[in-house]
Amino acid sequence: MDIDCIPFKKTGYFSQLICDYIDEKESLKSFYHRFPKLDNFKQQIEEKSGHFPISHREVLYDALQKQYRGTATSKKTQDHLKQLKEPITFTIVTGHQLNLFTGPLYFLYKIISTINLCKELKSAYPKFNFVPVYWMATEDHDFEEINYFNFQGKKLLWNKEAAGAVGQLPTEGLQEVYEALQHELGPGTNADALRTLFREAYLEHNNLTAATRHLANALFGSEGLVIIDGDDKSLKQLLIPYAKKDLFESRAFTQVSETVSQLEALPESYKIQVNPREINYFYLKEGLRERIVEKDDQFFVNDTNISFSKEELLKELEAYPERFSPNVIARPLYQEVILPNLCYIGGGGEIAYWLELKAMFESMEVPFPMLLPRNSALLVSEKQQRKLQKMNLTTQHLFLEQNRFINKKIREISNIDIDFSPQKKHLEKQFEQLYELAEQTDPSFLGAVKAQEVKQKNGLDKLEKRLLKAQKRKLKDHVVRMTDLQNELFPNRSLQERSFNFSEVYLPMGDQLIPMLLKALHPLRMEFLILSYKA
């Protein structure tokens with residue numbers, strides 16, 4: 001395995017906000033608590049220690065014991081579950097939707113970043129324990145975002161009518177997806193392992209939560225990953241005091257709205273990721289997850305006939321906290337209330353909305369975690385690496401926009417000079433003399449001289465483009481090979497990790513895949529990795 005890396009901002013695939021955050025830009029420092037550096041975890045540990053009650057650890061431990069019933073757990077995971085009862089134990093968390101068969105490849109990168117950070121922290125702070133946690137987004141209701149995965153250019157889709165929280169969905173209908181995957185995989189040991197993994201996860205479990213827990217545990221249980229489902233009554237009882245402040249005081253709306261205004265006022269014009277609502281909770285029942293809205297002191301469940309007075313809603317919250325599902329604004333707070341957490345690891349979009357939440361956390365008197373962008377990587381096979389070398393390309397060339405990529409390489413490999421920059425500079429010098437002459441004789445001619453300069457420069461541009469186009473035709477085979485390789489590694493002109501499913505890489509690599517990633521991904525370095533691997 002060969003490893004190369006480039007800064008995130010040089011890939012062209014990450015927002016200005018995330019690049020500036022990684023660079024610790026001064027204008028963003030008020031929107032986060034501590035930057036994720038190894039030395040900063042000492043203070044984060046001290047702060048969380050003073051704000052996380054032992055009673056919460058007991059509730060967390062009991063809830064996880066119930067959630068893990070029937071799941072074959074590794075000794076390392078069992079040890080981590082027990083350690084969560086101890087005041088010297090802290091978590092590092094990542095979260096992800098219940099995407100079918102893990103969804104995009106970055107699912108692996110998120111979890112491995114989390115596991116590896118725990119290892120680094122244990123080495124730096126040996127007196128403490130650090131547990132990697134995967135938070136399953138079981139209460140999401142966007143079924144269309146999770147009901148498919150891509151495999152070798154094909155979309156394997158779970159056709160199903162669905163409503164309510166996705167975690168509660170029965171796995172009926174996934175036999176057809178299994179048959180489609182089986183057909184695509186072909187023969188071989190690694191293909192058989194993928195078939196078994198899909199079958200055991202989705203055909204031998206009753207709902208999507210159980211299936212996803214099995215899948216993540218099968219992939220990462222040996223590393224001690226702890227998997228948590230927030231759709232849990234005992235855990236949500238800990239959220240009640242904070243939910244009241246949201247439902248009846250609009251605390252989150254007020255604080256996050258103010259932060260959003262501050263972000264919008266920055267000269268960088270960052271895109272706002274999410275906007276808060278007056279109430280940031282859904283009402284959750286079987287087949288139903290709809291927003292709670294307030295009007296004239298009455299509370300309504302959107303698009304239903306369900307309504308409450310303030311007193312009735314309060315009673316409902318205290319009797320059935322499991323029916324109150326936090327949205328994207330309230331969920332991070334829920335996470336930090338129930339876990340002894342130090343750091344959240346997420347993608348660029350996730351970090352962007354977390355940066356809106358610090359003031360809300362302060363208002364709720366809950367420590368704000370450190371925020372770490374997950375690892376990102378491009379996986380390049382040995383065969384693809386040979387193609388690159390044969391065409392005298394580097395992987396960094398492939399990050400260019402395709403037309404720029406082609407033009408750059410055509411200029412390099414052409415046996416004639418297609419860069420007219422020297423001619424343009426020579427032209428500019430000639431026109432400098434004409435400007436001086438016009439200035440000395442009749443300044444009104446300056447406009448005419450300028451027009452002539454522009455005309456001649458445009459003429460050179462057109463000649464350059466025509467010549468480049470002719471060379472592209474002449475070197476068509478080379479252009480086709482270049483673009484085919486770029487399209488392989490950047491499907492749909494996007495990052496590989498956002499489209500590929502892990503199964504595409506597992507098929508040639510098998511059990512080597514996860515150990516390779518565990519060895520290569522170093523979360524605190526915050527650079528984009530290029531991994532060349534042998535199958």
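Visitor: Where does Arg493 lie?

Guide: Arg493 is in the loop between helix 20 (476-489) and helix 21. Helices are DSSP runs of H or I with at least four residues, strands are runs of E with at least two, and both are numbered from the N terminus. This is a predicted model, where local features need pLDDT of at least 70, side-chain atom pairs count only at pLDDT 80 or more, and totals for chains, interfaces and linings use all residues. Residues are numbered from 1 along each chain as its sequence is written, and side-chain values use heavy atoms, with hydrogens and water left out.

Visitor: Why does Arg493 count as exposed?

Guide: Its relative accessibility is 52%. Exposed means over 50%, buried means under 20%, and partly exposed is in between, with a 1.4 Å probe and protein chains only. Arg493 is therefore exposed, at 52%.

Visitor: What stands out about the phi of Arg493?

Guide: The phi of Arg493 is positive, about 60 degrees, although this residue is not a glycine. Most residues other than glycine have a negative phi. Asp303 also has a positive phi, near 60 degrees, and is not glycine either. Asp303 lies in the loop between strand 9 (298-301) and strand 10 (307-309). With a relative accessible area of 68%, Asp303 is exposed.

Visitor: What makes helix 21 mostly covered?

Guide: Six of its eight residues are buried. They are Phe502, Ser503, Glu504, Val505, Tyr506 and Met509. Just after helix 21 comes Gly510, with a positive phi of about 60 degrees.

Visitor: How many aromatic pairs are there by the ring rule?

Guide: The count is 28. Rings of Phe, Tyr and Trp (its six-membered ring) pair if their centres lie within 6.5 Å; planes under 30 degrees apart are stacked, over 60 edge-to-face, and the rest tilted.

Visitor: Why is the pair of Phe361 and Phe368 called edge-to-face?

Guide: The centres of Phe361 and Phe368 are 5.0 Å apart, and the planes make 70 degrees. Edge-to-face needs over 60 degrees, so the label holds. Both Phe361 and Phe368 are buried.

Visitor: What makes Phe502 and Tyr506 a pair?

Guide: Their centres are 6.3 Å apart, with 75 degrees between the planes, which is edge-to-face. Both residues sit in helix 21 (residues 502-509), four residues apart, about one turn of the helix. Ring pairs also link Phe502 and Tyr506 with Phe101, Phe149, Tyr178, Phe198 and Tyr202 into a cluster.

Visitor: How do you know that the charged end of Lys155 sits over the ring of Tyr148?

Guide: A charge sits over a ring if NZ of Lys or CZ of Arg is within 6 Å of the ring centre and within 35 degrees of the ring normal. The charged end of Lys155 is 4.3 Å from the centre of the Tyr148 ring and sits over it. Arg57 does likewise over the ring of Phe90, 5.8 Å from its centre.

Visitor: What share of the whole protein is buried?

Guide: Of its 535 residues, 51% count as buried. The protein has 22 helices and 15 strands.
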